[in-house]
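This report describes the fold of one chain, from its overall make-up to single residues. The sequence and model come first.

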Amino acid sequence: MSDIEWNEQWRDGAEHQRTEDGICAYPGCDHPLDAGGLCRGHRGQRDRGVELRPLREVGVGYVSISLRLRPETIEMLRAMVTPGRTLSITARSLLEAATGTLPPR
Ligand SMILES: [Zn+2]
């Protein structure tokens, strides 16, 4: 659904119930209301003037663990970090590749 179509629905009150329940009006979003009928993430999209889209669910489908690594290993990992990625993402990709569990793109 385009932002324009969504806005038409919003004006028609089709998503009104969600905000009454304290839920973001964007279809499929279950985040709590911030202001203007939207959650913080969707309000941010609106404020930036971009078409509203589903929020990226950080961490969904993953289990968190803690690792104790030797400084040399961390140094090596840091050297492998590419722009836009974090040390954690780099380490995860390497582990997924080594175990044959890289997710499909
Ligand atoms: Zn939302």
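A residue is called buried if 20 or more other C-beta atoms lie within 10 Å of its own, exposed if 12 or fewer, and partly exposed in between, with C-beta atoms placed from the backbone. The model is a predicted one, in which local features need pLDDT of at least 70 and side-chain atom pairs count only at pLDDT 80 or more, while totals for chains, interfaces and linings use all residues. Numbering starts from 1 along each chain as its sequence is written.

**Overall make-up**

The chain contains 5 helices and 0 strands, in the order α-α-α-α-α from the N terminus. Helices (H or I, at least four residues) and strands (E, at least two) are DSSP runs, numbered from the N terminus. Of the 105 residues in the chain, 7% are buried. Two residues are in contact if their C-beta atoms, placed from the backbone, lie within 7 Å. Among contacts with a separation of 6 or more, 15% join residues 24 or more positions apart.

A nonpolar core is a set of buried Ala, Val, Leu, Ile, Met, Phe, Trp, Tyr and Cys residues joined through C-beta atoms within 7 Å. The largest one has 6 residues, namely Cys-24, Ala-25, Tyr-26, Leu-38, Cys-39 and Leu-52. Beyond its neighbours within four places in sequence, Cys-24 contacts Arg-18, Cys-29, His-31, Leu-33, Leu-38, Cys-39 and His-42.

Ile-23 sits in the loop between α2 (16–20) and α3 (40–48). With 17 other C-beta atoms within 10 Å, Ile-23 is partly exposed. Leaving aside neighbours within four places in sequence, the contacts of Ile-23 are Arg-18, Asp-30, Pro-32 and Leu-33.

His-31 belongs to the loop between α2 and α3. It is partly exposed, having 15 C-beta neighbours inside 10 Å. Not counting residues up to four places away in sequence, His-31 touches Cys-24, Cys-39 and Gly-41.

| Pair | Apart in sequence | C-alpha to C-alpha |
|---|---|---|
| Ile-23 and Cys-39 | 16 residues | 7.4 Å |
| His-31 and His-42 | 11 residues | 9.3 Å |
| Met-80 and Thr-90 | 10 residues | 7.2 Å |

**Helices α4 and α5**

Two packed helices are described by the angle between their axes and the distance between the axes. Axes are lines fitted to C-alpha atoms, for helices over the stretch in contact, and angles run from 0 to 180 degrees between N-to-C directions. The axes of α4 (residues 71–80) and α5 (residues 87–99) come within 9 Å and cross at roughly 100 degrees. The two helices are therefore roughly perpendicular (65 to 115 degrees). Leu-77, Arg-78 and Met-80 of α4 meet Leu-87, Thr-90 and Ala-91 of α5 in this contact. By class, the contact has 4 nonpolar, 1 polar and 1 charged residues, where Ala, Val, Leu, Ile, Met, Phe, Trp, Tyr, Cys and Pro count as nonpolar, Asp, Glu, Lys and Arg as charged, and the others, Gly among them, as polar.

Met-80, in helix α4, is exposed, with 12 other C-beta atoms within 10 Å.

Helix α5 has 13 residues and reaches 18 Å from its first C-alpha to its last, close to the expected 18 Å; the expected span is 1.5 Å times one less than the number of residues. The number of buried residues among the 13 of α5 is 0, so this helix lies largely in the open. Just after α5, Gly-100 has a positive phi of about 70 degrees.

How values were computed: Angles under 35 degrees count as roughly parallel, over 145 as roughly antiparallel, 65 to 115 as roughly perpendicular and the rest as oblique.
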